[in-house]
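User: I have a structure open and would like to go through it with you. Could we start with the contacts between charged side chains?
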Protein chains: 2
Amino acid sequence: MRRVAIIGVGCTSVGEIWDKSLKDLAVEASLKALDDAGIENVDRVYIGNALSPILQYQTNLASIIIDSLGFNNSSSILVEAADASGGLAFHEAFKAVRSGLIDYALVVGVEKMSDSKPSEVASALMSFEDQDYVAFTGVTQAGLHALLLRIYMEKFNVKHEDIALFAVNAHKNASKNPYAQFKNIIGVEDVLKSPLIADPLRLLEYVGISDGAAAVVLCPLEEAEKFRSNFVEILASATAVDKLFLTERDDILTFNSTRIAAEKAFKEAKVSPKDIDVVEVHDSSTIAGIISLEDLG
Amino acid sequence: MRRVAIIGVGCTSVGEIWDKSLKDLAVEASLKALDDAGIENVDRVYIGNALSPILQYQTNLASIIIDSLGFNNSSSILVEAADASGGLAFHEAFKAVRSGLIDYALVVGVEKMSDSKPSEVASALMSFEDQDYVAFTGVTQAGLHALLLRIYMEKFNVKHEDIALFAVNAHKNASKNPYAQFKNIIGVEDVLKSPLIADPLRLLEYVGISDGAAAVVLCPLEEAEKFRSNFVEILASATAVDKLFLTERDDILTFNSTRIAAEKAFKEAKVSPKDIDVVEVHDSSTIAGIISLEDLG
């Protein structure tokens with residue numbers, strides 16, 4: 001298996017971007033990444049998107065985006081895996097380059113949510129859960145996270161103030177990121193006084209409705225030096241699945257998929273949690289971020 | 001690169017299957033294929049589906065189906081590429097086994113359309129076209145095929161009777177297939193007297209609204225003999241893309257993607273069109289089937 005490098009990155013601002021379509025956002029991030037890499041075409045484009053069939057009534061994004069990019073000798077694929085769509089698209093591209101199937105890959109993750117009403121977005125997000133067993137009850141994603149938060153605080157006797165620190169820290173990090181949607185510095189009090197969205201979960205503990213796209217260009221490590229000196233090597237990428245229904249999991253406060261994927265990735269990369277300087281976790285809520293950090297070791 | 005074999009196949013009946021959900025259909029075909037192969041688990045499940053986010057309001061099918069199958073050590077991925085979703089899922093699985101990334105793959109294609117009104121299905125199918133440039137005009141897929149049919153008949157001075165033979169032959173083949181939806185034998189007159197659905201395209205020239213699923217199990221050729229003596233080797237699988245908009249294509253009556261993919265596949269398999277005994281083409285309409293056959297050589 002070959003070693004793989006990232007030779008280009010690009011992203012749009014994240015926020016309410018009224019003057020750009022889903023396609024515009026994907027193309028903007030892609031062109032930035034290609035430009036950053038100094039490359040004009042790739043062998044394959046991997047697109048991560050979950051909501052466009054419902055929110056834009058648009059399927060077939062792989063063809064549409066590759067057409068908009070003007071690539072006529074590439075192939076493209078759309079990967080949909082709910083919240084993990086972008087991550088899985090990246091994983092697929094990494095494995096394809098690693099195995100020698102292709103040399104150059106562009107990965108682009110894109111969503112456009114702010115053209116829809118908040119109730120439509122909340123409903124669309126519930127399409128991630130099984131319609132026959134979970135979604136039909138009327139529970140929202142925020143409701144499921146609220147359930148986790150309540151159980152977590154009770155089981156470990158943790159105060160909401162301590163949980164809220166996660167959001168405070170996230171905003172602090174965002175304040176230094178020119179692409180971030182919410183750059184305002186907040187305190188624990190702000191979190192705990194923000195409106196309840198699903199008791200006990202508060203507004204500032206939960207993700208916003210956003211438009212945006214991000215893209216990276218991958219190639220074999222031995223080719224990377226042709227493009228730039230400061231490329232990044234990907235040491236490992238791993239995925240895992242758990243039972244989808246929270247109620248069927250062995251421990252509702254552990255994300256088995258995170259734990260198993262992390263173990264596989266650490267093993268493949270030959271590093272351990274203590275070697276890591278920067279972690280980015282899927283923090284659609286404070287509690288999801290906290291559980292993810294715990295499960296990563 | 002390794003050689004790859006199909007060691008199991010399974011499919012449901014195709015038709016209006018009111019008593020089974022999308023998930024039931026996927027699971028039924030999958031279990032039949034696994035049973036046929038004599039295997040209980042695979043490394044990865046590839047799911048091809050295009051319409052479930054719109055018609056079932058269900059995304060995240062990769063997690064939902066793998067959960068229903070009770071596979072807890074596998075991973076799964078959903079591949080969406082409009083009409084080509086099942087084919088692309090198969091292609092991805094083939095490449096993954098070929099390259100050594102995985103050993104055992106289950107591929108399942110599934111759609112459930114008959115729970116929705118015909119107008120909803122027609123509308124959902126238009127999500128395959130660009131909403132900004134094509135779908136917003138109100139044209140349907142049948143309308144696009146009717147356009148191709150009209151241009152084809154005019155350019156090549158072909159009578160509608162000759163085109164209708166394609167549907168007659170398809171029904172003849174279907175009559176021998178226990179899983180087919182429309183097994184009735186028809187004649188040219190039946191086709192030409194069936195209702196106009198988009199002038200000049202007639203009802204019996206166009207696909208029905210169907211529920212169904214099909215699945216195959218793939219493994220490295222050297223492992224296939226452990227499971228059965230009559231396995232099938234996959235000699236090649238190739239994909240290609242063309243400009244999505246019909247009006248931007250070099251020749252509106254040629255599917256460049258079919259032509260290029262066929263060339264690649266014939267080259268990889270080291271066979272030529274004259275070596276082929278059985279062809280299955282994407283014949284969502286008579287004219288699409290005819291153009292596909294021409295472009296395959």
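User: Where do Asp132(B) and Lys23(A) lie?
Analyst: Lys23(A) is in helix α1 (residues 22-37) of chain A and Asp132(B) is in the loop between α5 (118-125) and α6 (141-156) of chain B, so the pair joins two chains. Helices (H or I, at least four residues) and strands (E, at least two) are DSSP runs, numbered from the N terminus.

User: Before we go on, what kind of model is this, and how are things numbered?
Analyst: This is a predicted model, in which local features need pLDDT of at least 70 and side-chain atom pairs count only at pLDDT 80 or more, while totals for chains, interfaces and linings use all residues. Residues are numbered from 1 along each chain as its sequence is written, chains are lettered from A and ligands numbered from 1 in the order in which they are written, and side-chain values use heavy atoms, with hydrogens and water left out.

User: How many salt bridges are there over all chains, and how many between chain A and chain B?
Analyst: The count over all chains comes to 33 salt bridges. Between chain A and chain B, the count is six. One salt bridge links Arg44(B) with Glu92(A), where the closest N and O atoms are 2.6 Å apart.

User: Which elements of chain A touch chain B?
Analyst: Those giving two or more residues to that side are α2 (52-55), α3 (61-69), β3 (75-80), α4 and α5 (118-125) of chain A. β3(A) gives the most, with six residues. By class, this side of chain A divides into 21 nonpolar, 16 polar and 11 charged residues. In this scheme Ala, Val, Leu, Ile, Met, Phe, Trp, Tyr, Cys and Pro count as nonpolar, Asp, Glu, Lys and Arg as charged, and the others, Gly among them, as polar.

User: What area is buried between the two chains?
Analyst: About 3900 Å² is buried between chain A and chain B, and carbon and sulfur atoms give 51% of it. Buried area is the accessible area (1.4 Å probe) that two parts lose on being put together, summed over both. In chain A, the residues that lose the most area to chain B are Tyr57(A), Glu80(A) and Val241(A), together 17% of what that side buries.

User: And the contacts there: how many residues, and how many polar pairs?
Analyst: On each side 48 residues are in contact with the other chain, contact meaning heavy atoms within 4.5 Å. The rule also finds 26 residue pairs in polar contact across this interface, both at pLDDT 80 or more. A polar contact is a pair of N or O atoms within 3.5 Å; within protein, one must be able to donate a hydrogen and the other to accept it, and residues adjacent in sequence count only if both atoms are side-chain atoms.

User: Let us turn to chain A itself. What domains does it have?
Analyst: The assignment gives domain 1 (4-114 + 210-230) and domain 2 (128-207 + 238-297), with bounds that come from an automatic or database domain assignment. The C-alpha centres of the two domains of chain A lie 25 Å apart.

User: How do those domains meet?
Analyst: In chain A, 16 residues of domain 1 are in contact with nine residues of domain 2. The area buried between these domains is about 930 Å², of which carbon and sulfur atoms give 56%. Val14(A), Asp83(A) and His91(A) supply 41% of the area that domain 1 buries against domain 2, more than any other three residues.

User: Which side chains form a salt bridge there?
Analyst: The count between domain 1 and domain 2 of chain A is one salt bridge. The side chains of Arg98(A) and Glu268(A) meet in a salt bridge at 3.3 Å, N to O. Helix α4 (residues 85-99) of chain A supplies the largest share of the side of domain 1 that touches domain 2, four residues.

User: Last topic: what about backbone geometry at Pro200(A)?
Analyst: The peptide bond from Asp199(A) to Pro200(A) is cis, with omega near 10°. Pro200(A) lies in the loop between β5 (196-198) and β6 (201-202) of chain A. In chain B, the bond from Asp199(B) to Pro200(B) is cis, with omega near 10°.

Terms used. Salt bridge = Lys/Arg side-chain N within 4 Å of Asp/Glu carboxyl O.
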